[in-house]
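Here's a quick tour for anyone meeting this structure for the first time. Have a look at the sequence and the 3D view, then read on.

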Amino acid sequence: LTLEIVQGLPPQPSADCCVYPLAEAQALGTELVLRTRLPGDIFAPYGGPGSKKLKEFFINMKIPRMLRAIIILAAVKKQILWVAGYRAAAWKNTGRYEEWLVIKLVKDRCRE
């Protein structure tokens, strides 16, 4: 994973790239954590109609049950910002932002 603060126009959110307004992330709290799912997790997918239980998101995405426990989530407190490898989260405000938190999943093969 890579993490950076980007000025101006950010990259488009995707399965491998979380883009979230820095001001919104800071308003949630000061600690960004990488973790796996917790009971009762709620997720608001980017481009989706609203929030839903993370379990429902996993089911709708047809993620096998045995993989759900190992998927990395980027979160600030209880707010999930990204389901790594699947979808970034939507943010609440639609104001103009100058700084963006960008987290990328970098896929690279191990070299021998």
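What follows is a short briefing, grouped by topic.

Keep in mind that this is a predicted model. Good places to begin are the largest nonpolar core, with its 22 residues, and an open sheet of four strands.

**The nonpolar cores**

- The largest nonpolar core has 22 residues, and the members that touch the most others are F43, L54, F58, W82 and V83.
- Several elements each supply at least two residues of this core: strand 2 (17-21), helix 1 (22-28), helix 2 (54-60), strand 6 (73-76), strand 7 (79-83) and strand 9 (99-104).
- Strand 7 gives the most to this core, with four residues.
- Which residues does V83 contact, if you leave aside its neighbours within four places in sequence? They are A15, F43, L54, F57, F58, I71, I72 and L73.
- Another core, of six residues, lies apart from the largest one, and V6, V19, Y97 and V102 are among its members.

- Four strands make an open sheet with antiparallel pairing, and their order is 3-6-7-8.
- Strand 3 (32-35) and strand 8 are the edge strands, each pairing on one side only.
- Strand 3 pairs with strand 6 over four bridges, in the antiparallel sense.
- Across from L34 you'll find A74, in strand 6.

- Strand 2 is mostly covered, with five of its five residues buried.
- C17, V19 and P21 point one way from the strand, while C18 and Y20 point the other way, and all are buried.
- Strand 2 and strand 9 run antiparallel and are joined by five bridges.
- P21 in this pairing stands opposite W100, which sits in strand 9.

**Aromatic rings**

- Searching the whole structure turns up six aromatic pairs.
- One of them is Y20 with W91: the ring centres are 6.1 Å apart and the planes sit at 80°, so this pair counts as edge-to-face.
- Y20 belongs to strand 2 and W91 to the loop between strand 8 (87-88) and strand 9, so the pair ties together parts 71 residues apart in sequence.
- Is Y20 buried or exposed? Y20 counts as buried, because its relative accessibility is 3% and the cut-off for buried is under 20%.
- W91 also pairs with Y46, and here the centres are 5.6 Å apart and the planes at 35°, so the pair is tilted.
- Y46 is partly exposed, at a relative accessible area of 31%.

**The salt bridge**

- Side chains of opposite charge can pair when their charged atoms come close.
- How many salt bridges does the structure hold? There is one.
- The partners are D41 and R35, whose closest N and O atoms are 2.9 Å apart.
- D41 and R35 are both buried.

**Two glutamates to look at**

- E99 is found in strand 9 and is partly exposed, with 33% relative accessible area.
- Although E99 and L22 are 77 residues apart along the chain, their C-alpha atoms are separated by 5.6 Å.
- Not counting residues up to four places away in sequence, E99 touches I5, V6, Q7, P21 and L22.
- The side chains of E99 and Q7 are joined by a polar contact of 2.8 Å.
- E24 lies in helix 1 and is buried, with a relative accessible area of 12%.
- Residues that E24 touches, again leaving out those up to four places away in sequence, are W91, K92, N93 and Y97.

Technical notes:
Residues numbered from 1 in each chain as written. Predicted model: local features only at pLDDT ≥ 70, side-chain atom pairs only at ≥ 80, totals over all residues. Heavy atoms only, no water. Core = buried A, V, L, I, M, F, W, Y, C linked by side-chain atoms within 4.5 Å. Buried < 20%, exposed > 50% of the residue type's maximum accessible area, 1.4 Å probe, protein only. Contact = heavy atoms within 4.5 Å. Polar contact = N/O pair within 3.5 Å; in protein donor to acceptor, adjacent residues only side chain to side chain. Phe/Tyr/Trp six-rings, centres within 6.5 Å; stacked < 30°, edge-to-face > 60°. Pairing = 2+ DSSP bridges. Salt bridge = Lys/Arg side-chain N within 4 Å of Asp/Glu carboxyl O.
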